[in-house]
Amino acid sequence: MRAALCCLLLLPSVAAIAQVPSYDTLELQARTNLIVNGPSFNLPDGSSFNSVTVSLDELAQVAFKVQILPGTNAAGVWFGGGGVGSIRCQSEDVVDVFITDVHLDGAGGIVFGQTGGNINGLYRCDPSVPAASLLTAQPLGTTSWGTPRGASDSSVGYRASFGSGRAWVSFAAGQARIHAAEETIQPGSGVGFLFTPAYGESGRIAGKVQVLAAGPVPQHDEIQLIDSQGAVTTLATQVAVDPNSPFTGFDNSVALGPDDQVAFIANRVGGGRGVFRVRAGQAAEPLALTGVDGLVEIEFFGPAINADGLVAFRGRDAAGQAVFVADGSSLGKVISQGDQVPSDLGTAQIGQNDASTVFGGGVAINGAGDVAFIAALHPPGNNQIEWGSGVYVAYATVTAIFADGFE
């Protein structure tokens, strides 16, 4: 279900610049309603997805995991676009299987990790084929394959968990390479804990790393970018080890753009929180700060970044919970608690019947600036009737900026 929230006239431009888009058109991709066990939209009635992070590709196609498919107790992968879609991919094991959040890899496939089945590992599926196929179970001894992210060359980066620790791993051309490993499985690494990683087109992995104490340097956290040979570039660290650092701590998840720009959320020296963007060799750039531009809170969900450096994230302003986009010069709001949106049941309103979280999981952004998100729905003006959760794409509209006095 797609609807334009307002109309915008675009005139021919002479020269245009990148900027935070407006989001005038929203489209429902799928909806489920467990409270009344249906009806759902583009999903089997009774399907369940909760706190999942949606994936969005350059064609504005969407994929997300469905934890439970009715009648099978199986997990599946939803794929679609333009308001049309269905369950497309399943592992060969269809009972009591857990899968990770899924990711559209830019090469026409969807990747995810699976545990709890007869054949566990990292899976890849073609949305046109019903079944998924095992990509790898490497490295040897891995018990789970978390947060896989695929690149356009079909390589995949992920966090491998073992009985005694974790490693950041990439898999390409039939080979798994360890980028970083915790001290418990690689003595001498100096790494206490590896948090949720992000994998990029360059084959590097970025993320938050707990660095163990060494001599006079205390234990601390860093944002690092690491290649497949284990070469580390530190992008940001804490004030506890660098008095010039503006950060007291970092959220657990980061985003990695195609050109190795990294977006992260951090707590600031002196108080407050911020969304930042950084590139190797440069200082971190603040994109959004609490207490500025009406931003009251930045929520603890990882940001998303595109090739232009636009960063989407979840937060809160005076109107309530919202999804924002920032570019370093301005802050825009994609959607907010209380907004009315199109749905298969008619006009819906974003909200909950209590103080529960309105948006589910993380958000996604593509190269055009389109943003995908999940939100709780109810009829306009009546939050005591639940319409379940809807997966939406908000399409970006960039106002042309003209040169030479042309209007």
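## The disulfide and its cysteines

C89 sits at 1% relative accessibility, so it counts as buried (under 20% relative accessible area, with over 50% being exposed and anything in between partly exposed, using a 1.4 Å probe and protein chains only). C125 comes out at 2%, so that cysteine is buried too. Keep in mind that this is a predicted model, where local features need pLDDT of at least 70, side-chain atom pairs count only at pLDDT 80 or more, and totals for chains, interfaces and linings use all residues. Residues are numbered from 1 along each chain as its sequence is written, and side-chain values use heavy atoms, with hydrogens and water left out.

These two cysteines form a disulfide (a pair of cysteine sulfur atoms within 2.5 Å), with their sulfurs 2.2 Å apart. The structure holds one disulfide. The link ties together distant parts of the chain: C89 is in strand 6 (residues 84-89) and C125 is in strand 10 (residues 121-125), 36 residues apart. Strands here are DSSP runs of E, at least two residues long, and helices are runs of H or I, at least four, all numbered from the N terminus. The S-S torsion of C89 and C125 is about 85°, so the bond is right-handed.

Two strands pair if DSSP finds at least two bridges between them; strand 3 and strand 4 (residues 62-69) have two, in the antiparallel sense. S55 has A63 of strand 4 as its bridge partner.

G157 pairs with S170 of strand 14.

## The whole protein

Overall, you're looking at zero helices and 35 strands. Of the 407 residues, 52% count as buried. Among contacts (heavy atoms within 4.5 Å) with a separation of 6 or more, 45% come from residues 24 or more positions apart.
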